[in-house]
Amino acid sequence: MNGHTFRLPARRCATAAAATVLAAGPVTLAGAGSAHATADHGRASASVLRTGLDVSLLNKTVDVPLAVSLNEVRAPRSAERTALTARLDGVDGGKPFSVLRADVAKSAATTSATRAEGSVDLAHARIHVPGLPLLSLIEVDQVTSRATCEAGRTPVATSNVLGAVTVLGKKVTLTSGGTTDVTVPGVGEVRLDLSHHETTSRTAAATALRLKVSVNPLKLNVAEVEGTLTLAEATCQSPTPPAKAEQPAATPTPTPTPAADVEPQGARADKPDLAETGGSSMTPYLAAGSAVLLAAGGGAFALARRRKG
């Protein structure tokens, strides 16, 4: 019995240890997985100028696209350039012409674990289209756009057009958040959208000026120039907020074995055990009764032998 008594706690301890390992296993795997996670730094972009123009030449018999960009960058990067030229066959004898000239034309896009931002700064800029070598499509003193996206915060988009604005040689007053139409007889028409902003829960976009152009110059074999120009555009998408570290699950504590199940060898039990041996308070009486019965039996046996003899 003592051998069985000691094996039972050992089995219970082994079962408790196995349960502890199984419970701790998922915690260990979860910790290893999170250690290899990579942070999302979001996205950002910026562009000083983008054009999407169709140029019709020789009485609309030839269509030549004019799609150029100045300082169009994506994070993490920045650029600074003050002049952009283009060349189109059939326009001014195929000579290069200036699309944009500026004193300052800078774009930047940066990202980090907590912040993404795109920005554009433009100062004293002139934009030309084919067929108008001496007349600027638009002139601006200062233009800025900025889109800022911080993790866990509402994105912000801002843009400003400061100072005088001249379109096809005419000074104009722009309406904030609205459109302005400029028409010059014998030259063309331009529609301007000022300070266009878009934001969502994680993204932002700011455009200082968006021009819809329809120009019909009378010289240089150019029939018509149509399309759009985007001036000072910045976008961003906020980084994903870092996940909070999960607390490791507590290791289950094995249930203690009741003291009654473990009995040290040689200890005296408090209750009778059928397998126990030894004396008690009834032992003298039992011994005396046994002696009397033994004596009586012996006497009867001797008497029977005498009678038989």
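Is Ser195 buried or exposed? I looked it up first: Ser195 is buried, with a relative accessible area of 15%. Buried here means under 20% relative accessible area, exposed means over 50%, and partly exposed lies in between, with a 1.4 Å probe and protein chains only.

**Ground rules**

I am working with a predicted model, in which local features need pLDDT of at least 70, side-chain atom pairs count only at pLDDT 80 or more, and totals for chains, interfaces and linings use all residues. I number residues from 1 along each chain as its sequence is written, and side-chain values use heavy atoms, with hydrogens and water left out.

**Confidence**

I checked pLDDT next, the predictor's confidence in each residue, from 0 to 100. The chain averages 75, and 61% of the residues score at least 70. By element, strand 9 has the highest mean pLDDT, 96. Helix 1 (residues 2-35) has the lowest, 36. Residues 1-38 stay under 50 in pLDDT, and the model gives them 18 contacts beyond four places in sequence. Residues 260-264 are also below 50, with eight contacts beyond near neighbours in sequence. A contact means heavy atoms within 4.5 Å.

**Whole chain**

I read two helices and 15 strands in the chain. Helices (H or I, at least four residues) and strands (E, at least two) are DSSP runs, numbered from the N terminus. Buried residues make up 33% of the 309 residues. I looked at contacts with a separation of 6 or more: residues 24 or more positions apart account for 60% of them.

**Disulfide**

I searched the whole structure and found one disulfide, meaning a pair of cysteine sulfur atoms within 2.5 Å. The partners are Cys149 and Cys236, with their sulfur atoms 2.0 Å apart. What does this link tie together? Cys149 lies in strand 9 (residues 138-150) and Cys236 in strand 15 (residues 222-237), so the pair joins parts that are 87 residues apart in sequence. The link is right-handed, with 65° about the S-S bond. Both cysteines are buried.

I followed the pairing here, where two strands pair if DSSP finds at least two bridges between them. Strand 7 (residues 97-111) runs antiparallel to strand 8 (residues 115-127) over 11 bridges. I find Ala125 of strand 8 as the bridge partner of Ala102. Glu117 stands opposite Thr148 in strand 9.

I stopped at Ala113, in the loop between strand 7 and strand 8. Ala113 is partly exposed, with a relative accessible area of 35%. Beyond four places in sequence, Ala113 touches Asp40, His41 and Pro239. Ala113 and Ala151 are 38 residues apart in sequence and 8.0 Å apart in space, C-alpha to C-alpha.

Most residues other than glycine have a negative phi, and most peptide bonds are trans. I noted exceptions. Ser195, in strand 13 (residues 188-199), has a positive phi of about 50° although it is not a glycine. Ala232 also has a positive phi, near 60°. I place Ala232 in strand 15. Ala232 is buried, with a relative accessible area of 0%. A cis peptide bond joins Ala75 and Pro76, with omega about -10°. Pro76 is in the loop between strand 4 (73-74) and strand 5 (77-80).

**Core**

Which residues touch the most other members of the largest nonpolar core? I count 60 residues in this core, and the answer is Leu49, Leu137, Ile138, Val167, Leu192, Leu209 and Leu211. A nonpolar core is a set of buried Ala, Val, Leu, Ile, Met, Phe, Trp, Tyr and Cys residues joined through side-chain atoms within 4.5 Å. I then listed the neighbours of Leu137, leaving out residues up to four places away in sequence; among them are Ile127, Val129, Val167, Val190, Leu211 and Leu229. His128 and Thr166 also touch Leu137.
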